[in-house]
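Please keep the sequence and the 3D view open as you go.

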Amino acid sequence: GKVYGFWGKNGSGKTLLFKTICGLVKPTEGKIYIKNKELGKDIEFPDSCGILIDGPGYWPNRTAFDNLKLLLEMNKNNLSDNEINSLFKEIGLDEYKNKKIKEFSLGFRQRFGICQAIVGNPELIILDEPFNGLDKKAAEDVCHLFYDLRENGKTILLAAHNMQEIEWLCDTICEMDAGMLSRIK
């Protein structure tokens, strides 16, 4: 039920930290524990985790709806079509769910990436620069979504290089500078 913000310039190490927390990169020093389990020893990947790192991955020639259905099937997660439609409405993609992803603007692809990260109701949501490409209205909508997720007990790790994007959203803010992490708030 908390939102943790990671702020820092491009190249400061935020993305690498998130990839390490996700088990995509092995740490060269230290250990990562998730729910008292050591990553890389007790578990290889965090359970119940939604991720948006380095932009969303998708099949460009398929519709947004089909992309989510395929992702859910790959993760052996069965959401009904109504639940998927509800998620599209919540993220502001309801009118676009039957369009091919390759037809989406940068902002709509980013919204779709957030949709991918939260589909299936994960406990931990890791979002690297989720506001990239979003206009002011879309960013506000996404912030309200993050508030709702937090209120529903989700833990969110959020990276940004713009302090204003995370200052009013996050419970805790840490600064990343040259791979070193320090707490600001």
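1. Let's begin with rings. Rings of Phe, Tyr and Trp (its six-membered ring) are paired here if their centres lie within 6.5 Å, and a pair is called stacked when the planes are under 30 degrees apart, edge-to-face when they are over 60, and tilted for the rest. Tyr-96, Phe-104 and Phe-108 form one aromatic cluster.

2. A word on the source before going further. This is a predicted model, in which local features need pLDDT of at least 70 and side-chain atom pairs count only at pLDDT 80 or more, while totals for chains, interfaces and linings use all residues. Residues are numbered from 1 along each chain as its sequence is written, and side-chain values use heavy atoms, with hydrogens and water left out.

3. Back to the rings. The count comes to seven aromatic pairs. In one of them, the ring centres of Tyr-96 and Phe-104 are 6.3 Å apart with the planes at 80°, so this pair is edge-to-face. Phe-104 also pairs with Phe-108: the centres are 6.2 Å apart and the planes lie at 65°, so this one is edge-to-face too.

4. Phe-104 is buried at 5%, whereas Tyr-96 is partly exposed at 25% and Phe-108 is partly exposed at 22%.

5. Next, the interior. A nonpolar core is a set of buried Ala, Val, Leu, Ile, Met, Phe, Trp, Tyr and Cys residues joined through side-chain atoms within 4.5 Å. The largest such core has 38 residues, and Leu-68, Phe-88, Phe-131, Phe-146 and Leu-158 touch the most other members. At least two residues each come from helix 2, helix 3 (81-91), helix 4, strand 5 (124-128), helix 5 (136-151) and strand 6. Helix 5 supplies the largest share, seven residues. Helices (H or I, at least four residues) and strands (E, at least two) are DSSP runs numbered from the N terminus. As background, nonpolar side chains tend to be buried together in soluble globular proteins.

6. What is Phe-146 in contact with, leaving aside neighbours within four places in sequence? Contact means heavy atoms within 4.5 Å, and the partners of Phe-146 are Ile-114, Leu-127, Pro-130, Phe-131, Ile-156, Leu-158 and Leu-169. There is also a second, separate core of 15 residues, with Phe-6, Cys-49, Leu-124 and Cys-174 among them.

7. Now the pockets. On a 1 Å grid over the protein atoms alone, a cavity is a set of points where a 1.4 Å probe fits but cannot get out, whereas a pocket is an open set with protein on both sides within 12 Å along at least five of seven lines; lining residues have an atom within 4 Å of a point. Grid points are joined across faces, edges and corners, and a volume is the space filled by probe spheres set on the points.

8. The largest pocket has a volume of about 460 Å³. Its lining has 19 residues, and Cys-49, Gly-50, Leu-71, Asn-75 and Gln-116 lie nearest the centre. Strand 4 (49-52), helix 2 (64-74) and helix 4 (106-118) are the elements giving two or more residues to this lining, and strand 4 gives the most, with four. By class, the lining holds 10 nonpolar, nine polar and no charged residues. Here Ala, Val, Leu, Ile, Met, Phe, Trp, Tyr, Cys and Pro count as nonpolar, Asp, Glu, Lys and Arg as charged, and the others, Gly among them, as polar.

9. The second largest pocket has a volume of about 380 Å³. Of its 17 lining residues, Ile-21, Tyr-33, Ile-34, Lys-35 and Leu-124 are the closest to the centre. This lining divides into 10 nonpolar, three polar and four charged residues. Ile-21 lies in helix 1 and is buried at 13% relative accessibility.

10. Finally, please check two backbone angles. Asn-121, in the loop between helix 4 and strand 5, has a positive phi near 60° without being a glycine. Glu-129, in the loop between strand 5 and helix 5, is not a glycine either and has a positive phi of about 55°. Asn-121 is exposed at 52% relative accessible area, whereas Glu-129 is buried at 10%.

Methods:
Buried means under 20% relative accessible area, exposed over 50%, partly exposed in between (1.4 Å probe, protein chains only).
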